[in-house]
Every structure is written in C-alpha cells, then in structure tokens.
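Colleague: Hi! Could you walk me through this one? I'm new to reading models.

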Amino acid sequence: MWTDIAYVVLLILCVFFGFYYNRIDDPDVKKWIGTFFGLALTAIVSGNDTLHPVIFTLINAIIITKISPKKCHLYSFAFSFFDLLIVSRLGNYVGLSVLSTHTNLILMILTLKLSGLAFEINAASNAPPDDVKGENSEALKDIGILDVFHYGFSYMGLLTGPYYRYRTYWDHLYRPFHKYVDPWPLTLFKLKQTGCFIVLFLITNYLYPVKYVLTEDYAQRSLFYRHFYMYLTFAVFRLRMYIGMGLAECACQMAGLGVYPSSSNPVQGLGPRDYKTAVMISQSPEKLKTVEYNFDTVYNMDIARLEKCYDVRTAMKAWNGCVQYWFGVYVYKRFPFKSLRTVVTLTLSAVWHGWSPGYFICICQIPIFMLVNDLIVKYYRRSKENSIAKMIWLALGWYERTTCMAYLGVSFLLLDFGDSLHFYKQIYFSDHIITLLLYIACCCYKPYAPKEAKEIEDKDK
C-alpha cells in the first residue's frame with residue numbers, strides 16, 4: 001500500500017514538473033533536463049537495480065545506431081525481450097538478483113520504446129514515395145547513441161507509460177505545437193477526475209479485495225454473490241489503472257508531449273495519421289494560432305469509451321491503447337504467418353506482463369469471448385432501430401463485454417494458476433458455459449437474422 005502511495009506521489013511530481021519543463025525553449029537543454037529527471041526517478045524506484053535499465057538502453061542504442069536499418073529492428077526486438085523475459089525475470093535461477101517490481105515496469109516500457117524506435121528506423125528505410133504518414137520524417141535522420149538515451153529515459157511515461165514513438169518525442173522538442181496550447185485546464189479536469197478515482201479506489205479496495213475469493217467465507221456465500229463479486233474486484237482494478245494512466249497522461253500533457261493539430265488526425269501511440277498536414281501547420285505561424293489541438297496521441301485509457309462500449313474489440317482498443325498500438329503494428333501486422341498472428345500477439349502480450357499463469361489465462365482466452373461478442377454485435381447492427389431485438393442484442397453485447405473483462409480479469413489479478421482455477425471452480429466456470437450457450441444461440445439464430453444490404457443486393461443479382 002505504501003509503495004503504491006509513493007508511486008502516485010512520484011507521478012504527481014512528474015505532472016507538476018511539467019510547469020517548468022514545458023517552458024524550456026532550447027531543445028538541447030530540454031533533452032538533458034528531461035533525461036536527468038528520468039534517471040533520478042529510475043534511481044528512486046530501482047535503487048540498486050538502477051544500472052540494469054542503463055545497460056539495457058546502452059546495448060539497444062548500439063544496436064540501433066550501428067546495425068543496418070534493414071536488420072536493427074530484429075536485433076533490438078530479440079535482445080529487448082530476451083533481457084526482459086529471461087534475464088530480468090528468470091535470472092534468479094542462475095544466481096542473478098530479482099529486479100524490483102518498479103524496475104520491471106520501467107524495463108517493460110523501455111522494451112516497447114527502444115525496439116519500437118528500431119522498427120521506426122526500419123520503416124523509414126522502406127517508406128513509400130508519397131509518405132503521408134511521415135515514416136521517413138526528419139526526426140529519424142542521424143540518430144545517435146545519446147538520442148536513444150534521451151528518448152529512453154525522458155521522464156514522460158517512464159514509470160507507467162504511455163508508449164509513444166520517437167517521432168512524437170522529437171516533435172515535442174522541435175515542433176512549436178506546445179507553445180500554442182495551455183495544457184493546465186485539461187490537466188486540472190483530469191486531476192479532479194483522478195482524485196475522485198483515488199477516493200473510490202481506497203474505499204472499494206478495502207471492501208472488495210481480490211484475495212477474498214480464496215477465503216472460506218467467500219465459498220460459503222450464495223452463487224449469485226460469488227458470481228457478482230468479480231465485477232466488484234474488476235471495478236477496483238479499473239480504478240487502479242485509471243489513476244496510474246490518468247496521472248501519466250497528465251504528465252505528458254504538462255510537458256507538451258503528444259500535442260498535434262486535430263486536423264492531422266492523431267491517434268493513440270502513432271501520432272498523426274496525416275503527418276504532412278502536421279508538418280505544414282508547424283511551418284505556418286498563422287495556422288498555428290488558429291487550428292485546434294489535442295493530446296490523443298498519449299491517451300492510453302479512453303475511460304468514457306471503455307465504460308460505454310458494448311463490444312470486446314472496442315474495449316480492447318480503449319484499454320491501454322498505446323500499448324495495444326505497439327503490439328498491433330510491430331507484432332500482429334509484421335508476423336509473417338497470418339493464421340498465427342492473433343495467437344502470437346496475445347501470447348507475447350501475456351509474457352510482456354510476466355510469466356505468471358494468470359496473465360496467460362486472462363489474455364489468451366479473450367478470442368473465445370470475442371468470437372461470441374462479434375456475432376452479437378453483428379446481429380445488433382443488423383436489427384431494426386428501436387426494435388426489441390436490437391435492445392436484446394445490445395444488452396447481451398454489454399453483458400458479454402463486461403463479463404469477459406471481469407471474469408478473465410480475476411485471473412490477471414490472482415496470477416497463480418491454482419488460485420485462478422479455485423476461483424473458477426467456486427463459480428462453476430459459469431461464464432465459460434454462458435458464453436458457449438450464447439455461441440450456440442447465435443448460430444441457431446443465423447438463418448433468421450436480418451441480412452446486410454450488400455447480401456440482399458448479391459441475392460437479387
């Protein structure tokens with residue numbers, strides 16, 4: 001508990017450090033101050049383990065700057081995940097020290113950032129002639145070892161994310177967008193929101209601890225209570241994530257990181273989809289004063305979208321969106337065997353979190369629930385507006401999305417295989433059974449489901 005409080009205090013410190021950092025005009029001075037502060041944070045949370053992230057970054061910097069752009073991403077990816085998954089987490093089996101939890105979190109973010117930078121460099125070497133997305137942007141020219149260090153240890157997002165590209169980091173130094181936005185009103189709103197989440201978290205975490213599901217008292221409760229309790233534990237977990245991610249986003253905002261013109265269509269993780277528009281605006285003093293800006297690039301948790309959506313896919317995109325972007329672009333889309341892309345991406349996502357069985361039980365079962373939810377969403381969209389059928393499919397979609405996250409989320413929190421199995425036995429694997437029954441119902445309903453407009457046209461032909 002005290003560790004969590006200290007962590008929140010450090011995140012709040014990062015937020016208010018932005019008042020000073022964002023006012024620095026000289027990019028070189030800004031880089032060094034951001035890096036020194038990041039190293040100080042690393043030393044505070046890592047203690048004797050501080051040297052590990054430094055060496056990790058140094059080796060990646062050598063790979064990125066000395067190996068051909070055609071291959072550097074493969075070497076960086078292999079080294080980063082080998083260090084994170086084997087050296088850092090299994091090193092104790094050969095006599096190495098076990099890294100602290102917070103050092104592990106820093107390495108998780110560095111793994112994405114540094115191997116992601118190598119992927120950016122590789123993409124720049126294969127950029128298309130028109131290059132609307134700006135893959136071969138000015139940011140990726142003449143990157144040196146110090147540049148890699150500055151990007152890796154810059155304090156924004158170092159402790160808990162979000163993931164952002166090197167180009168985004170470079171833009172916040174050399175593009176003038178941050179000078180035309182006052183981030184404080186938006187940050188103040190988020191801080192008030194986060195304050196409410198903290199109060200709710202302290203109350204709900206005390207009343208509904210996840211470990212309660214392992215007690216004899218829980219086993220004596222009614223089946224309805226045991227089933228409903230998972231929604232309460234997942235609500236506690238959501239609040240925890242909203243607090244950490246919200247403060248991290250505020251720190252990025254206050255630093256002027258991730259702000260782009262709305263017309264360039266910025267998205268989580270990537271930045272502008274239309275990078276040419278962003279560059280054009282950055283070179284026009286008149287447009288800089290008049291255009292609308294947003295920080296969508298560094299918004300890791302879309303809370304409103306997550307809480308309102310009725311389908312699993314939308315929930316997945318809204319949850320930890322910047323990290324989802326990294327796995328989608330650099331693993332899913334690049335894996336050579338299409339039939340294995342989903343399995344490989346989810347498995348790698350699970351081990352990125354850790355070797356605990358609970359991560360695999362949670363993440364690798366998502367496609368089962370997503371399959372059923374996709375059918376429900378399809379029938380919902382085909383149903384007539386304001387019809388009873390549409391309301392039923394909406395209710396089922398919302399139930400399946402909520403239950404998927406809560407039901408699987410308990411194993412993500414318990415981590416141990418035996419504990420997870422014990423919990424599912426206590427509720428008789430109810431949501432596995434309900435999901436199976438819903439799948440059978442959807443299959444039986446298929447002949448009676450309304451056809452899409454395109455299907456009707458094809459039939460008429």
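**Confidence and helix packing**

Modeller: Happy to! This is a predicted model, and confidence in the protein chain is highest in helix 6 (residues 145-153), at a mean of 97, and lowest in helix 22 (residues 453-460), at 42.

Colleague: What does the protein chain average for pLDDT?

Modeller: The average is 92, and 98% of the residues score at least 70.

Colleague: Where does pLDDT stay under 50?

Modeller: Over residues 453-461, and for that stretch the model has two contacts beyond four places in sequence. Where pLDDT is low, the predicted coordinates should not be read in detail.

Colleague: Good to know. New topic: how many residues does helix 19 have?

Modeller: Helix 19 (residues 388-414) has 27 residues. From its first C-alpha to its last it reaches 39 Å, close to the 39 Å expected at 1.5 Å a residue.

Colleague: And which residue follows helix 19?

Modeller: That's Leu415, and its phi is positive, near 70 degrees.

Colleague: How do helix 18 and helix 19 cross?

Modeller: Helix 18 covers residues 366-382, and its axis comes within 8 Å of the axis of helix 19, crossing at roughly 165 degrees. Angles over 145 degrees count as roughly antiparallel, so that word describes helix 18 and helix 19. Their crossing is left-handed. Residues making the contact include Phe369, Ile376 and Tyr380 of helix 18, and Trp393, Gly397 and Cys404 of helix 19.

Colleague: What about helix 3 and helix 4: is their crossing left-handed or right-handed?

Modeller: Right-handed. Helix 3 (residues 51-66) and helix 4 (residues 72-90) pack at about 160 degrees, with their axes 9 Å apart. That angle makes helix 3 roughly antiparallel to helix 4. Among the residues in contact are Phe56, Ile59 and Ile63 of helix 3, along with Tyr75, Phe79 and Val87 of helix 4.

Colleague: At what angle do helix 2 and helix 7 pack?

Modeller: Helix 2 (residues 27-46) and helix 7 (residues 166-174) pack at about 130 degrees, and their axes are 9 Å apart. Helix 2 is therefore oblique to helix 7. The contact is made by Pro27, Asp28, Lys30 and Lys31 of helix 2 with Tyr169, His172, Leu173 and Tyr174 of helix 7.

How values were computed. Residues are numbered from 1 along each chain as its sequence is written. This is a predicted model: local features need pLDDT of at least 70, side-chain atom pairs count only at pLDDT 80 or more; totals for chains, interfaces and linings use all residues. Side-chain values use heavy atoms; hydrogens and water are left out. pLDDT is the predictor's confidence in each residue, from 0 to 100. Helices (H or I, at least four residues) and strands (E, at least two) are DSSP runs, numbered from the N terminus. Contact means heavy atoms within 4.5 Å. The expected span of a helix is 1.5 Å times one less than its number of residues. Axes are lines fitted to C-alpha atoms, for helices over the stretch in contact, and angles run from 0 to 180 degrees between N-to-C directions. Angles under 35 degrees count as roughly parallel, over 145 as roughly antiparallel, 65 to 115 as roughly perpendicular and the rest as oblique. A crossing is left-handed if the near helix is turned anticlockwise from the far one by less than a right angle, and right-handed if clockwise.
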